[in-house]
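Please keep the sequence and the model open while reading.

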Amino acid sequence: MLKYHMTAFFLGFLLDLLLGDPYWLPHPIRLIGNLIAALDRKLLGNPEESKRNDRREFHRGIELVVLVLLSVTVVIAALLFGGYALHPYIGLVLETIMTYQILATKCLKVESMKVYACLKRGDLPAARKAVSMIVGRDTDVLDETGVARAAIETVAENTSDGVIAPMLYLALGGPVLGFFYKAVNTMDSMVGYKNDRYLYFGRAAAKLDDVVNFFPARISALLMIGAAFLSGKSYNGRQAWRIWRRDSRKHASPNSAQTESVCAGALGIQLAGDASYFGKVVKKPYIGDPKRQVEY
């Protein structure tokens, strides 16, 4: 069976590089998102219409995590087991497709290059809209440099979340563990906010996301540092290592600054700083040194 898993891993990665995430193609992550949204409405409802209970909201957040992860892993495991039971080649095709759908290498490039294209033609409103599709902050207050910085930060972070971490979990446990990871990541992106609605309800999802990304984020950072050293004069590997060692903990999340600090150091720019979320400015320390301006 190992040869089928290795073949599916390779073919799935190749499909992701070639096809990316076409909008017309139904995607299981969107189905997972719909499940999370439905459970959000059912378990939390509208807190403003009822008396708030922090403990109850936290416990219902745990229910959300359990129900989503149980549903996702059971369905994926059943499909794979059924496919391989019918014929190894059917299982191989299913596993290849699932592997392809878990990875987001080309999608990350395509979406970030949309931001770049808008900035290059001087269309700030379009650039703000494009970057809003890949970041969680308020983008209508950003200038050109702010838009470029936000895009760089999300590419740095999602190199781990969308590429390296899924590949590691796929290698360890195939699509079952891969979709487990993506479900955790999707829950965090939907309910893991420290705002009035999700402060307690989304806490379990956010903490679990920190756990599953702890080692992948650091592995991703080290791989990026290695790539910077191998790039010759394109990126500064020595500076990437130095800034990572200094600034990799300068974030409320234990993981987000890992790859951001490497990217800031390799490029010789300053990232992070204060950002607006849901109309509120969140104070954040800067990452990296402003040796040169953010360019686009």
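## Basis of the description

Contact here means that heavy atoms lie within 4.5 Å, and helices (H or I, at least four residues) and strands (E, at least two) are DSSP runs numbered from the N terminus. The model is a predicted one, in which local features need pLDDT of at least 70 and side-chain atom pairs count only at pLDDT 80 or more, whereas totals for chains, interfaces and linings use all residues. Residues are numbered from 1 along each chain as its sequence is written, and side-chain values use heavy atoms, with hydrogens and water left out.

Two packed helices are described by the angle between their axes and the distance between the axes. Axes are lines fitted to C-alpha atoms, for helices over the stretch in contact, and the angles run from 0 to 180 degrees between N-to-C directions. Angles under 35 degrees count as roughly parallel, over 145 as roughly antiparallel, 65 to 115 as roughly perpendicular and the rest as oblique. A crossing is left-handed if the near helix is turned anticlockwise from the far one by less than a right angle, and right-handed if clockwise.

H7 and H10 pack with their axes 8 Å apart and at an angle of about 125 degrees, which makes H7 oblique to H10. The crossing of H7 past H10 is right-handed, and the residues that meet there are Ile152, Glu153, Ala156, Glu157 and Ser160 from H7 and Ser256, Thr259, Glu260, Cys263 and Leu267 from H10. Helix H6 (residues 124-132) packs against H7 at an angle of about 25 degrees, with the axes 10 Å apart, and the two are therefore roughly parallel to each other. H6 passes H7 in a left-handed crossing, where Leu124, Ala127, Arg128 and Val131 of H6 make the contact with Glu144, Val147, Ala150 and Ala151 of H7.

## Two threonines in H7

Thr154 belongs to helix H7, which spans residues 144-191. Is Thr154 buried or exposed? With a relative accessible area of 7%, Thr154 is buried, where buried means under 20% relative accessible area, exposed over 50% and partly exposed in between (1.4 Å probe, protein chains only). The side chain of Thr154 reaches the backbone oxygen of Ile134 at 2.8 Å and also makes a polar contact with the side chain of Asn158, again at 2.8 Å. A polar contact is a pair of N or O atoms within 3.5 Å; within protein, one must be able to donate a hydrogen and the other to accept it, and residues adjacent in sequence count only if both atoms are side-chain atoms. Apart from neighbours within four places in sequence, Thr154 is in contact with Leu108, Ile134 and Val135.

Thr186 is likewise found in helix H7 and is buried, with a relative accessible area of 10%. Not counting residues up to four places away in sequence, Thr186 touches Ile29, Ile32, Gly33 and Ile36.

## Leu31 in H2

Leu31 lies in helix H2 (residues 28-43) and is exposed, its relative accessible area being 59%.

Helix H9 (residues 237-247) has Gly237, Gln239, Ala240, Ile243, Trp244 and Asp247 as its buried residues. They cover an arc of only 155 degrees around the axis, which puts them on the same side of H9; the arc is that of the directions from the helix axis to the C-beta atoms. The face turned away from this buried side carries the exposed residues Arg238 and Arg245, while the cover over the buried residues includes helix H8 (203-230), helix H10 (256-267) and strand S4 (286-287). At the N-terminal end, Asn236 caps H9 through a side-chain oxygen that lies 3.3 Å from the backbone nitrogen of Arg238.

H9 and H10 pack at an angle of about 140 degrees with their axes 7 Å apart, and they are therefore oblique to each other; H9 passes H10 in a right-handed crossing. Ala240, in helix H9, is buried with a relative accessible area of 0%, and touches Ile225, Ala228, Val262, Gly265 and Ala266 when residues up to four places away in sequence are not counted.
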